Amino acid sequence: MSETRLKPTEKIGYGLGDFASNIVFQAVIIFLQPFYTNVYGMGAASVAFMFLAVRVLDMVTDPVMGIVADRTNTKWGRYRPYLLWFSIPFSILLVLTFTTPDFDEQGKLIYAYVTYVLLMVLYTMVNIPYCSLGGVITSDSHERVSANSYRFFLATAAGVMIGFFIPKLVGIFGNGDERTGYPYAMALFGLLAILAFFGCFALTKERVKQAVPSKGSFGKDISTLLKNDQWWIVALLFFILLVGIVMRAASQVNYVLFVLSDKELIASFITAGLVAQMIGAACASPLSKKIGNVRSYVLIQIMIVIGSIALYFFPTSNLILIYGGFIFISFFAQMGAPILFTMVADTVEYGELKTGRRVTGLAFSGVLFTLKLGVALAGFLTPMLLAINGFVGTEESQNPEARQAILMSLTLYPALAHFLLIPIVSFYKLNKKRCDEIRMELDKQASA
């Protein structure tokens, strides 16, 4: 029987990896769209198509990275070494992505494509091994929820720091010039990400024995994954969830600017939501332990739908209601994340028992690919809705149609995505009892 209990220090160490990843992820989903349209001067439609086109690359890089990670064999393990090897170039690309060289319109678009593509490739090269690490540090489902609660608490802490400090640091470093301020602000956070990745490497350990042999075809690994019916359910959950999450996140800055009409509220609005997410992530483990993963996840989605509809109708003149509604949504939004990532790890062992092959890296790369598809669809829809409704990022005010599109992208459109998750998760059958039975059977086979 492999070790199942984790010390708090290791859970913190595991969380540091997503703290680092989330510095980049939150910077991209919160600030990159308004940066491209409002600072770099790119058209909203061009940004929409770029976000969608770059995701096509993930169809190749994500499964390849998962399979390569599964076959990596070093003295440090299969997945941890990637945190060392690629954290520094990853952080450098963050800075370059938020840099604005003085090119013409076509040159700007080419530069944006190149830097964004490279940033996403490096994100794949560190984040897929990192997520796979969560499936091998323990074999206990509740311990996985607990470790993922630490993970998303720290990940959201990174988001809090990004949301609160980036607008301020951009102003300080740029002295009023956002084009100058953004690279310096991102460089500071890039350095912090490198240190956190190193901390994750140092404090974690890979325990669960990998059953995938070093030799074997990529096709067989993919076939193994595609036979896993429970993995398909989780992958679909990731796709739909991220559409809602990213539409809401990408609309925050414009919501404050053009619906609330107060630029000074940007940092406090984003920070309030992220602090609520951080607290929500910490509450996932006790809720899951009490009523189970599926029931917890359904309850969480119901609360988000109710809060989103309410926020749509709240008068923008009442900031107490506006902030309260957004905090309510954000609290539940991150509570589901530890549960969902735990489900991925559980489907790996379900698939191993079903097929005789373990494809941890490929399973996580697969769900991260569907996650990125959700990010891509939301990244396309959000600016495209703005473009259709006459949004012009360089203007200080917007027409009523554009403001309505921003409001709905923050509230009702994400609510629809969260509502769709409820019937889908009801088909997931790997509860705690079933996961324990699977683990016992796998341990019995390993010792035979």
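**Helix packing and buried charges**

Guide: Helix 8 and helix 11 cross in a left-handed sense, meaning that the near helix is turned anticlockwise from the far one by less than a right angle, clockwise being right-handed. The model is a predicted one, in which local features need pLDDT of at least 70, side-chain atom pairs count only at pLDDT 80 or more, and totals for chains, interfaces and linings use all residues. Residues are numbered from 1 along each chain as its sequence is written, and side-chain values use heavy atoms, with hydrogens and water left out.

Two packed helices are described by the angle between their axes and the distance between the axes. For helix 8 (residues 229-259) and helix 11 (residues 293-313) the angle is about 30 degrees and the axes are 14 Å apart. Helices here are DSSP runs of H or I with at least four residues, strands being E runs of at least two, numbered from the N terminus. Axes are lines fitted to C-alpha atoms, for helices over the stretch in contact, and angles run from 0 to 180 degrees between N-to-C directions. Helix 8 is therefore roughly parallel to helix 11 (under 35 degrees; over 145 is roughly antiparallel, 65 to 115 roughly perpendicular, the rest oblique). On the helix 8 side, the contact (heavy atoms within 4.5 Å) is made by Leu237, Leu241, Arg248 and Tyr255, and on the helix 11 side by Tyr297, Ile304, Ser308 and Leu311. By class, six of these residues are nonpolar, one is polar and one is charged (nonpolar: Ala, Val, Leu, Ile, Met, Phe, Trp, Tyr, Cys and Pro; charged: Asp, Glu, Lys and Arg; polar: the others, Gly among them).

Gln33 belongs to helix 1 (residues 8-39). With a relative accessible area of 3%, Gln33 is buried (under 20%; exposed is over 50%, partly exposed in between, with a 1.4 Å probe and protein chains only). Beyond four places in sequence, the contacts of Gln33 include Ala250 and Asn254, along with Val47, Phe51 and Pro383.

The salt bridges come next. The count is 13, each being a side-chain nitrogen of Lys or Arg within 4 Å of a carboxyl oxygen of Asp or Glu. In one of them, Arg207 pairs with Glu10, with the closest N and O atoms 2.7 Å apart. Arg207 lies in the loop between helix 6 (178-203) and helix 7 (218-226) and Glu10 in helix 1, so this pair ties together parts 197 residues apart in sequence. Both Arg207 and Glu10 are buried.

Asp62 and Lys372 form another salt bridge, at 3.2 Å between the closest N and O atoms. Asp62 is in helix 2 (residues 44-71) and Lys372 in helix 13 (residues 360-388), 310 residues apart. Asp62 has 0% relative accessibility and counts as buried; Lys372, at 5%, is buried too. Apart from neighbours within four places in sequence, Lys372 touches Arg55, Asp58, Asp62, Met120, Tyr123 and Thr124.

Asp346 forms a salt bridge with Arg144, the closest N and O atoms being 3.0 Å apart. This pair links Asp346 in helix 12 (residues 319-355) to Arg144 in helix 5 (residues 141-174), 202 residues apart. Asp346 is buried at 2% relative accessibility, and Arg144 at 1%. Salt bridges with shared partners join Arg144, Asp346, Glu349, Glu352, Arg358 and Arg439 into one network.
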